[in-house]
Amino acid sequence: MLAVHHLGKSQSERIVWLCEELGIPYELKVYDRHPVTRLAQPDYKALHPIGAAPVITDGDVVLAESAAIIDYIVARYGPKEGSGRLVLSADHPDFAQFLYWFHFANGTLQPALGRNMILGRLNLPGDNPMLLAMKSRLKLALDLVEARLGKADYFAGRTFTTADIMIVFSLTTMRLFLPFDLAPYPAILAYLQRIGRRDAYQRAMRKGDPDMAPLLT
């Protein structure tokens, strides 16, 4: 059976959520973070050479990287056609938007958050040029997200897709590691309320991180 190895409060929540949206059978294995460092512990790091979440196993297959895992699960276990597939075909009018935002998640937004998180731990002066540049880069990314959600219900347009599953972590759980205020972004906040009403999202968060209230505000 497909096994989702979920490191608590991590990007692997995406994969739990995907499985719930698709309604497919899977085994959920939850791993706790180290109580002091808050990093993955040795049992999780042993799953894959990169030592980071997410990781799935499926028979002899061991796969990491959120986007790769999502593509794998949709192709192997998702419906072959229809809205329940959660991806758009190349002939769909919103295909380019779907593709862009799916890759924007870990290509632009999550790296911008990660760089700001690391720089924030260095106690740099507020006028440090690198710090200012990275803050500016993050603001640019969030402004772009806000603009998109100001004119579309979901990142691909009118249809919920795996692009949403990829991006939501960065707007929610990632704020445990890099707090940032979403008050200036009303469209993002309205979008997160739509996400929070999805039954599959609620189930995934209860199963994966039952001790955490989703950061939807």
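I began with strand β1 (residues 3-7): five of its five residues are buried, so β1 is largely enclosed by the rest of the structure. Buried here means under 20% relative accessible area, with a 1.4 Å probe and protein chains only. Strands are DSSP runs of E with at least two residues, and helices are runs of H or I with at least four, numbered from the N terminus.

I noted the basis of the model. It is predicted, so local features need pLDDT of at least 70 and side-chain atom pairs 80 or more, while totals for chains, interfaces and linings use all residues. Residues are numbered from 1 along each chain as its sequence is written, and side-chain values use heavy atoms, without hydrogens and water.

Next I checked the side chains of β1. In a regular strand they alternate between the two faces of the sheet. A3, H5 and L7 point one way from β1, and V4 and H6 point the other way.

Then I looked up the partners of β1. Two strands pair if DSSP finds at least two bridges between them. β1 and strand β2 (residues 27-31) run parallel and are joined by five bridges. H6 stands opposite V30 in β2. From β1 the chain passes through helix α1 (residues 13-22) to β2, and this β-α-β crossover is right-handed. That term means the path from the first strand over the helix to the second runs clockwise, with the strands pointing away from the viewer.

On to strand β3 (residues 55-58). It runs antiparallel to β1, with three bridges between them. V4 stands opposite I56 in β3, and H5 has V55 as its bridge partner there.

I followed the whole sheet. It is open, has four strands in the order β2-β1-β3-β4, and its pairing is mixed. β2 and β4 (61-64) are the edge strands, each pairing on one side only.

The largest pocket holds about 670 Å³. A pocket is an open set of points on a 1 Å grid over the protein atoms alone, where a 1.4 Å probe fits, with protein on both sides within 12 Å along at least five of seven lines. The volume is the space filled by probe spheres set on the points, which are joined across faces, edges and corners.

Which residues lie nearest its centre? I found S10, Q11, R33, A52 and A53, among 26 lining residues; lining means an atom within 4 Å of a point. Helix α4 (residues 95-120) gives the most to this lining, with four residues.

Note on methods. Buried < 20%, exposed > 50% of the residue type's maximum accessible area, 1.4 Å probe, protein only.
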